[in-house]
Amino acid sequence: MSGLRTLAVAAGLQPEWQDAAGRRQTVSNGALQAILDRLGHPSGSDKQIAESLAAIEARNAQGVRFLSVDVEDPIRLTSKVSGKAEFTFEDGTTRSVTVDNGELSPIRKSGYHKLEINGEVVEILVAPRRCYTIADALPGRKLWAPAVQIPSLRTDVSKAFGDFVSLTDAAQAFGQRGADAVAISPTHALFPADASRYSPYAPSSRQFLNGLYGDPAAFGAKSDNRGLPELIDWHAAIPEKLARLRKSFDQVLSQNEETLTTFRRQGGDDLERHAEFDALHAHFLATRGARGWQQWPVEYHDPTSPTVRRFVAEHADDVTFYIFLQWLARRDLDAAQTAAKDSGMAIGLIADLAVGMDSGGSHGWSRRSDLLTGLSIGAPPDPLGPDGQSWGITGFDPQALRDTAFAPFIATIRSALAHAGGIRIDHAFGLRRLWVVPEGASAAGGAYLDMPFNDLMRIVAMESQRAKAIVIGEDLGTVPDGFREAMDARAMLGMRVLWFERDADGFVPPARWSPDAVAMTGTHDLATVAGWWSGRDIDWTWDLGRKSDAVDKPTDLAARAEDRVALWSAFDTGTEQPTPEDTDSVVDAAIAHVASTPCALAIIPIEDLIGLVEQPNLPGTIDEHPNWRRRMPDTTEALLASPEVAARIDTLNATRPA
């Protein structure tokens, strides 16, 4: 192995990887050098490689600050020390223990503990062996849930886009009809002053909420009365909502000052930095067109700088306004979860944790050392993305996680579970490895970076059990060896989607679907059942000139005709196959098919439940397709009361009784 590749392996990179077809792929030397440089390991010469390797070896020789083990397993330290030590449990109680040649007897009490020996302190997570499960909540039950995009929801009050109050109404409506959960789109903080930043998967911070989802109506603010547009006009809607929120804040601050003061104290420095970022971002977006902190004057790059502190003092009302947005959003999201549980749901909201965040956002500004710098995360070339994908977002630096005892990851998981009974981890493969691409490079010119998988999985299990929340991991795409087995061992539910449950004989019968997964008719990134059956996704492919396995549209349509035959045969309804235009009966059959699987939870996107043709998001597009802009055709209550939808809910309840 060359020195460059030795360094790459030492830094956690995989110089070779296996693609979705099982073929071995080799990362070019140029790509490895570019990635290593951004990880802080210069590799442009033999001298630099040797120095970088020596630095990694020296760091590794210092030992670790954090260890994780499963409950009742022996604790093995990285050094072979022996002697007396003090073990401090998370609740503050202490015990004198003996370390023998680097090994400590099993600890049977789970939690985040500390071991002090020879003046060194090691934080030790003793984790439960598995996540909280549906069987823990309701033994022997099979549940169903809708999946909703929060902005798409409508209520009796006209709004330009759905918010947490709209979600409350939807949760109540579904709970009253037998659903035990509702899976929601990410609620992470975006960039409230920038109306072009509305994708829920490119947040400013995953530890705070989208303040625009709070509802100022409780303070007398009127709705925007925008009628019932088919698509959300974010460029108009965001400034209007922000203005109404600001008006409410100005009117009610004096009555709520004590409440906000308590909220700020509880939120600590992280909340203050987030609100300060939002105020600074609004200022520099307006005055300089700066989309991220990297475009601010350099004296504003450090949150603790005198210049930033002076700005915060001079714009105290603006900072407090963004604190108010977080308080209001948290209040309303808590109300949605309470409404879901009060309506009879066993789980309630299932939060969605985006895989990363915008490097120019709040987290990147306030705690940039947590994150990978100069690298975008994405996915390698595969059948769904032949050119690979670079998502333009960043993620946690694995070494920074170790150095901080995983505090940023723990805080992120806790934030997601603070208002929910479950969590879906987007691109869960990122717990094992991240496809990292140098900013500005082709997505195919990336490499896999190893993540501290076992530690992250134990943290997820720990937080899941504490919150009594189920965990779903999105495991679609190029699956690392052993990943699904590790998920099963931790009771983390995978995702099995109708379109992908196929083998050489056609679509897999429901009885053969994995019980250790969530059964789904689709996701927000895939064609709806009606859209697939009618070929709407094919229209989008060829109308936009997107890549296809087919040589032309007629060939694509011919292949879909064959797939329709296979799908209808798998549904085994005993009736004649519907025409491409007759989508309602296909939607009925698809829901019945997914509901009858042995999976403990079936999730049906609301778009499928009501038989819509268009999907919420078309990956790989920005303006060509109205991503994250589609509205529901009516209020949730009205939609669920329609005969077609009511019949589908009856099917779900008959198969998975409430």
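This is a predicted model: local features need pLDDT of at least 70, side-chain atom pairs count only at pLDDT 80 or more; totals for chains, interfaces and linings use all residues.

I started at aspartate 572, which counts as exposed because its relative accessibility is 64%. My cut-offs: buried means under 20% relative accessible area, exposed over 50%, and partly exposed in between, with a 1.4 Å probe and protein chains only. Residues are numbered from 1 along each chain as its sequence is written, and side-chain values use heavy atoms, with hydrogens and water left out.

Why did I stop at aspartate 572? Its phi is near 50°, a positive value in a residue other than glycine. Most residues other than glycine have a negative phi. Aspartate 572 sits in the loop between α16 (553-571) and α17 (584-595). Helices here are DSSP runs (H or I, at least four residues), as are strands (E, at least two), and both are numbered from the N terminus.

I noted tryptophan 628 too, with a positive phi near 60°. Tryptophan 628 is in the loop between α18 (606-609) and α19 (636-641). At 13% relative accessibility, tryptophan 628 counts as buried.

**Salt bridges**

Next I looked up charged pairs. I took a salt bridge as a side-chain nitrogen of Lys or Arg within 4 Å of a carboxyl oxygen of Asp or Glu. How many salt bridges does this rule give? The count comes to 42.

I picked out lysine 47 and glutamate 51, whose closest N and O atoms are 2.5 Å apart. Both lie in helix α3 (residues 46-61), four residues apart, or about one turn of the helix. Lysine 47 is exposed at 58%, and glutamate 51 is partly exposed at 44%.

Then I went to arginine 424 and aspartate 352, a salt bridge with its closest N and O atoms 3.2 Å apart. This pair links distant parts of the chain: arginine 424 is in strand β18 (residues 422-425) and aspartate 352 in strand β15 (residues 348-353), 72 residues apart. Are these two buried or exposed? Both arginine 424 and aspartate 352 are buried.

I also checked arginine 367 with aspartate 370, at 2.9 Å between the closest N and O atoms. Arginine 367 is partly exposed at 22% relative accessibility, while aspartate 370 is buried at 5%.

I found a network of salt bridges as well, linking Asp70, Asp73, Arg129, Arg458 and Arg490.

**Aromatic rings**

I moved on to rings and found 28 aromatic pairs. Rings of Phe, Tyr and Trp (its six-membered ring) pair if their centres lie within 6.5 Å; planes under 30 degrees apart count as stacked, over 60 as edge-to-face and the rest as tilted. Phenylalanine 249 and phenylalanine 324 have ring centres 5.4 Å apart and planes at 50°, so I filed the pair as tilted. The pair joins distant parts of the chain, with phenylalanine 249 in helix α6 (residues 234-288) and phenylalanine 324 in helix α8 (residues 316-342), 75 residues apart. Phenylalanine 249 is buried at 1% relative accessibility, and phenylalanine 324 is buried with a relative accessible area of 1%.
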